[in-house]
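Biologist: Please take a close look at one part of this model, the aromatic ring cluster. Then follow the elements that it leads to.

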Amino acid sequence: MAKTRITREEALAFHLEPTPGKWEVQATVPMTTQRDLSLAYSPGVAVPCEDIAANPELAYDYTNKGNLVAVISNGTAVLGLGNLGALGSKPVMEGKSVLFKRFADVNSIDIELDTEDPDEFCKAVRLMGPTFGGINLEDIKAPECFIIEQRLKEEMDIPVFHDDQHGTAVICAAGLINALYLHDKKIEDVKIVLNGAGAAGIACIELLKSMGAKHENCIVCDTKGVIYQGRTEGMNQWKSAHAIKTELRTLEEAMQGADVFLGVSVKGAVTQDMVKAMADNPVIFAMANPDPEITPEEAHDVRADAIVATGRSDYPNQVNNVLGFPYLFRGALDIHARAINDEMKIACAQALAELAREDVPDEVAMAYGRKLAFGRDYIIPTPFDPRLIWRIPSAVARAGMDTGAARRPIVDMDAYELTLKARMDPTASILQSINARARKAQATMIFAEGDDPRVLRAAVMYQRTGFGKALVVGRDADVKAKLEAAGLADAFRELEIVNAANTSHLGTYKEFLYKRLQRKGYDMTDVHRLAARDRHVFAALMLAHGHGDGMITGATRKSAHALDLINHVFDADAQHGAVGITAILHKGRIVFIADTLVHEWPDEHDLATIAIQAASVVKDLGLEPRVAFVSFSTYGYPVSERAEKMHLAPGVLDKIGVDFEYDGEMTVDVALNTHAAAAYPFQRLSGPANILVVPARHSASISVKLMQEMAGATVIGPILAGVGKPIQICSTNATATDILNMAMLAACEVG
């Protein structure tokens with residue numbers, strides 16, 4: 001897998017648009033009437049205030065404390081960037097807050113403290129304790145991080161967790177459990193060498209020792225070599241705790257006969273000769289970022305029997321902290337834990353290890369573009385496994401209850417797991433699936449409107465992200481000027497610019513087009529104008545002749561007009577079964593609306609075709625389609641001629657015989673709300689519909705735009721299906737990211 005290239009301009013634009021930063025605050029209660037204000041603030045708020053003052057535990061019931069974590073740093077050890085200071089660390093802390101929400105539905109606020117004094121830092125965090133249900137410390141340099149975490153654990157009655165230490169340790173432990181399992185070795189018997197005695201390294205070795213690794217079998221190395229009893233140079237109390245009696249002095253000497261290597265140090269610290277010297281079936285966790293101590297290719301070149309893990313997403317077995325900290329806190333918060341103890345961390349590691357041994361869901365395999373199965377290249381679950389949200393927190397919660405860390409134990413664990421499943425965000429996994437499948441496809445994508453800066457940014461992102469090759473239709477000088485204006489001047493050398501003047505295929509294109517249009521009122525002059533001067537037609541001709549794998553257009557022309565131009569080359573119309581489906585993503589739900597592009601006023605047979613095409617798109621995205629034919633009436637009431645076709649359409653599908661759920665006609669609330677649907681026990685949908693087939697194109701357009709403008713929904717589409725070639729038409733107000741999403745859909749050949 002190619003390593004993603006991210007430019008400075010792209011990174012800054014991501015953090016700037018659509019609003020500065022990566023998260024915002026939204027109210028969870030209505031604030032529209034005077035009564036709402038009175039309940040939310042004065043005088044109504046006095047009631048919970050008095051109750052909490054009398055019984056502090058009620059804060060978990062009446063405030064957001066029980067689902068709120070602070071991500072706190074002073075910026076002294078930011079990623080691989082060093083001491084950037086408190087303000088310089090803020091983008092990273094915002095990012096961590098977003099990860100908490102995305103993966104475990106934990107609300108999080110980033111707090112950057114402008115001090116390097118451990119006493120001041122601890123005092124500030126301790127004083128904020130009443131606000132939060134947990135504290136996640138981040139990017140604090142050693143040895144201060146040890147001092148700060150230990151003091152705060154002693155002084156606070158909520159979980160305090162330094163992820164740089166324990167997050168890495170938990171995922172490392174999970175991977176090692178499975179690596180030793182595959183090699184039929186026991187942790188108490190193996191010789192472990194750790195290189196890197198900083199926060200993460202010390203935490204890794206301490207957790208492994210608490211799991212059964214023997215002190216005398218663990219050799220810790222730092223930049224000065226082996227940490228042995230009697231060494232004085234570069235020592236501190238945390239290193240001294242892991243000093244052993246040995247004659248070994250260098251990493252090279254320590255690696256002789258080692259079963260396990262753990263690296264949290266620097267690129268290139270391990271040589272192939274060191275790997276050769278390890279015991280049979282070695283385990284190598286080269287976790288230095290961004291580049292490992294030794295690459296998997298280098299290690300396997302000399303030891304085919306090795307199991308190798310890294311911190312990189314473009315190699316198998318990624319040791320990724322996001323597998324741990326969101327779910328550790330989820331489980332800890334849900335039992336109102338006083339702390340996250342070793343037993344809870346070990347439970348997390350064991351649950352991750354067990355999950356990796358199970359069959360991998362199809363949607364995960366689809367997201368990664370390959371079949372995943374427990375073995376040397378799959379010892380740790382992937383971050384986008386949907387089972388993580390309910391398997392890991394429940395294991396953590398059980399361990400917390402068993403060890404007395406829980407203030408409020410969970411009585412019904414089965415019910416708890418169901419609530420965890422309800423926290424899943426299906427939209428994120430779908431987008432990840434599209435991303436991974438597009439990356440695997442490596443499609444050559446034609447971007448028809450090379451005169452638009454948004455399209456150019458999307459084309460650059462498409463190619464630099466590693467999805468495939470981008471072909472931009474436009475004039476060289478124009479494209480170059482717009483790239484320079486967008487701060488992407490260097491991309492001009494990377495992109496291939498195509499137009500009628502620099503192609504050798506124009507004659508073939510015109511001949512093809514003339515055969516299609518000669519009996520539709522077009523002469524050769526008309527055909528020349530279309531083929532040589534219209535970007536949409538030229539791009540479609542490129543696609544028709546196999547000079548690209550997919551096509552993106554619509555950013556500069558209304559979708560209906562763009563579709564008319566494409567129809568000169570392809571049969572992208574209602575008569576030939578084309579359909580437009582738009583995906584709406586909002587608050588963890590995804591709903592597809594059809595037809596948003598092709599059919600102006602479909603009859604019941606057209607509606608059945610629309611349902612079939614929409615179901616095909618939804619299946620391609622890894623979802624089980626449930627189709628609702630929606631109207632202003634439900635099952636015949638109120639009676640209206642305009643709703644009659646919606647009533648008849650399911651009958652057409654009955655006669656065809658399809659392999660997906662459908663029903664109608666019904667109102668939108670009955671289609672999407674299980675409580676509303678309960679009034680109709682005879683209805684055939686097993687759950688809320690995810691495909692809404694609407695009566696006409698105008699109602700589809702109104703629905704999509706209303707959700708986009710009023711609810712802030714993310715809109716992908718319209719997805720053009722039923723044409724036979726991957727053609728996607730974005731909206732004229734699409735952002736560069738929207739256009740990139742459409743390109744990924746085309747690359748996946750959705751539709």
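**The ring cluster and its surroundings**

Modeller: Phe-100, Phe-161, Phe-325 and Phe-329 are linked into a cluster by ring pairs. A pair here means rings of Phe, Tyr or Trp (its six-membered ring) with centres within 6.5 Å; planes under 30 degrees apart are stacked, over 60 edge-to-face, and the rest tilted. The model is predicted: local features need pLDDT of at least 70, side-chain atom pairs count only at pLDDT 80 or more, and totals for chains, interfaces and linings use all residues. Residues are numbered from 1 along each chain as its sequence is written, and side-chain values use heavy atoms, with hydrogens and water left out.

The structure holds 13 aromatic pairs. Take Phe-100 and Phe-325: their ring centres are 4.9 Å apart and their planes stand at 70 degrees, so this pair is edge-to-face. Phe-100 belongs to helix H6 (residues 90–104) and Phe-325 to helix H15 (residues 325–334), so the pair ties together parts 225 residues apart in sequence. Helices (H or I, at least four residues) and strands (E, at least two) are DSSP runs, numbered from the N terminus. Phe-100 and Phe-325 are both buried. Buried means under 20% relative accessible area, exposed over 50%, and partly exposed in between (1.4 Å probe, protein chains only).

Now Tyr-181 and Phe-374. Their ring centres are 5.9 Å apart and their planes at 50 degrees, so the pair is tilted. Tyr-181 lies in helix H9, while Phe-374 lies in the loop between helix H17 (362–368) and helix H18 (388–402), so the pair ties together parts 193 residues apart in sequence. Tyr-181 counts as partly exposed, at 49% relative accessibility. Phe-374 also counts as partly exposed, at 24%.

H9 lies across strand E3 (134–137) and E4, at about 75 degrees to E4. Contact means heavy atoms within 4.5 Å. Axes are lines fitted to C-alpha atoms, for helices over the stretch in contact, and angles run from 0 to 180 degrees between N-to-C directions.

The sheet is open, with four strands in the order E2-E1-E3-E4 and parallel pairing. Its edge strands, E2 (107–112) and E4 (160–162), each pair on one side only. From one strand to the next, the twist averages 25 degrees. Two strands pair if DSSP finds at least two bridges between them. Strand E1 (residues 68–73) and E2 run parallel, joined by six bridges. Val-71 stands opposite Asp-110 in E2.
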